[in-house]
Amino acid sequence: MASIMTNTSAMTALQTLRRVTGDLETTQDRISTGLKVNNAKDNAAYWSIATTMKADVAGFKAVKESLELGSGTTNTASVASKNIVENLQTLKARVIAGQTNGVDKSLIQNDVDQLVKLIKGAAADASFNGDNLLRVTYSNDGTAKDKDVSILASLSRSDGAVDPSYIEFQRQDMRVESIVGKATIEQQVDSTKALKASVGITLGAPGATFIDGQNLGLSSLTLTVTNEAGVKTDVSVDLSAQTYDTDLATTQGNITTAVNAALTAAGADFQVAFTGDKLEFTDQDKNTDGNFTAKVSNLWVNSSESDAFGGLADLTQIDVVNNASESLTVINKLLDSAIGKAAVIGSIENRVSVQNDFVSKLTDSMNKGIGALVDADMNEESSRLQALQVQQQLAIQALSIANQGPQNILSLFR
């Protein structure tokens, strides 16, 4: 039915034009933003999922930054620990050379001292961003304050909560700091000297190195006493419970009492006393011609890791001139310890590297998943744009033709 009141064809053409124009606007928006889901009205479910996952990706970027920082720290410690092990191997060779009679042991000792300085420097310099995995800080009560290390490694979502996970390990103390000096041992009987051996123990004034009640970090004092008959007796003094008590003199007195008690119990003809920072051993017996015939050998003060002692503190006592035999025993122990510590650092370095690679791949995978949900297919949108532009032109033409209908009706009345 032809009507001048209701133009059905125009209405249909207008509805088509509106639909096509709306689709064209949507397609143009997708092309300009690159997204098919740009906000919740486009697809509420996909938008919600994508927004949550984008937050997770941002969190994993922070995790990756933490792992990269951890990688730098562990790599620095690994390089330093490897250097320390190599220097210890060289040091062991020097100590072995020092076991031979007829060589200039003082020259060998000079090499030893230089290697100890290199090892001390390597442990001190192994810092990345101010963090050193080869150094442990201790409280005055002897407990480690910062031995445990945590590196943020991942995030997991469960029941709406996000739980972080960490790579946890302990610092490996390779410091060479020590309050104990080298032992000096007189191997020859001397009729004019009662002193047969001494070792430096630098405790310092109150508050300088220790405070009242602080554990000294000493483990034990060991030595071998050979009497006038040539009989050897091994003596060990437990010093692990020794604390800095009141002042330097009192503390030295406590150490003296403990060592003298052990010497007496072992039947040794020696007593000890402090002269300054040096603990000196004095032979209490003489034979009939006035010579001192007993002697001390293998004198060593063992330590435990503490504020005063690093993990390689006993290196400061290595002495091929006066104490070659015990130096060899100790360097073997320290080399084994350093190898173990370096292996731990290397294992952590590898774990951080593997986790960093995993997080990188996981982040890429999540971004790919987000893209599949919300990214527009530009090839598809380009084709749709061209089709909608043609449809829009046709709809405009159809509307123009439909609007000419009433004019055609007027011609019937002429």
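Modeller: Helices here are DSSP runs of H or I with at least four residues, strands are runs of E with at least two, and both are numbered from the N terminus. By that count, helix α4 takes in residues 248–265, and α4 is followed by Gly267, whose phi is positive, near 75°. The model is predicted, so local features need pLDDT of at least 70 and side-chain atom pairs count only at 80 or more, while totals for chains, interfaces and linings use all residues. Residues are numbered from 1 along each chain as its sequence is written, and side-chain values use heavy atoms, without hydrogens or water.

Biologist: How do you know that the span of α4 agrees with its 18 residues?

Modeller: The expected span is 1.5 Å times one less than the number of residues. For α4 this gives 26 Å, and its end C-alpha atoms are 26 Å apart, which agrees.

Biologist: What makes Asp247 a cap of α4?

Modeller: A side-chain oxygen of Asp247 lies 3.4 Å from the backbone nitrogen of Ala249, at the N-terminal end of α4. A polar contact is a pair of N or O atoms within 3.5 Å; within protein, one must be able to donate a hydrogen and the other to accept it, and residues adjacent in sequence count only if both atoms are side-chain atoms. The 3.4 Å therefore falls within the cut-off.

Biologist: Why is Val272 called buried?

Modeller: Buried means under 20% relative accessible area, exposed over 50%, and partly exposed in between, with a 1.4 Å probe and protein chains only. Val272 has 6% relative accessibility, so it counts as buried. Val272 sits in strand β9. Apart from neighbours within four places in sequence, it is in contact (heavy atoms within 4.5 Å) with residues including Thr256, Val259, Asn260 and Leu263. Among the buried residues of α4 are Thr256, Val259, Asn260 and Leu263, and the buried residues of α4 pack against β7, β8, β9 and β10.

Biologist: Is Ser220 buried or exposed, and how do you know?

Modeller: Ser220 is buried, because its relative accessible area is 13%. This residue lies in strand β7, residues 218–226. Its contacts beyond four places in sequence include Ser236, Val237 and Trp300.

Biologist: Why are β8 and β11 said to stand at the edges?

Modeller: The open sheet has three strands in the order β8-β7-β11, with antiparallel pairing. β8 and β11 each have a single partner strand, so one side of each is left without a neighbour in the sheet. Twist averages 15° from one strand to the next. Angles run from 0 to 180 degrees between N-to-C directions, along lines fitted to C-alpha atoms, for helices over the stretch in contact. On that scale α4, packed on the sheet, makes about 145° with β8, whereas α5 lies across β7 and β11 at about 25° to β11.

Biologist: What makes the largest nonpolar core a core, and which residues touch the most other members?

Modeller: A nonpolar core is a set of buried Ala, Val, Leu, Ile, Met, Phe, Trp, Tyr and Cys residues joined through side-chain atoms within 4.5 Å. Of its 50 residues, Ile84, Leu88, Leu91, Leu312 and Leu315 touch the most other members. α5 gives the most to this core, with 14 residues.

Definitions and conventions
Pairing = 2+ DSSP bridges.
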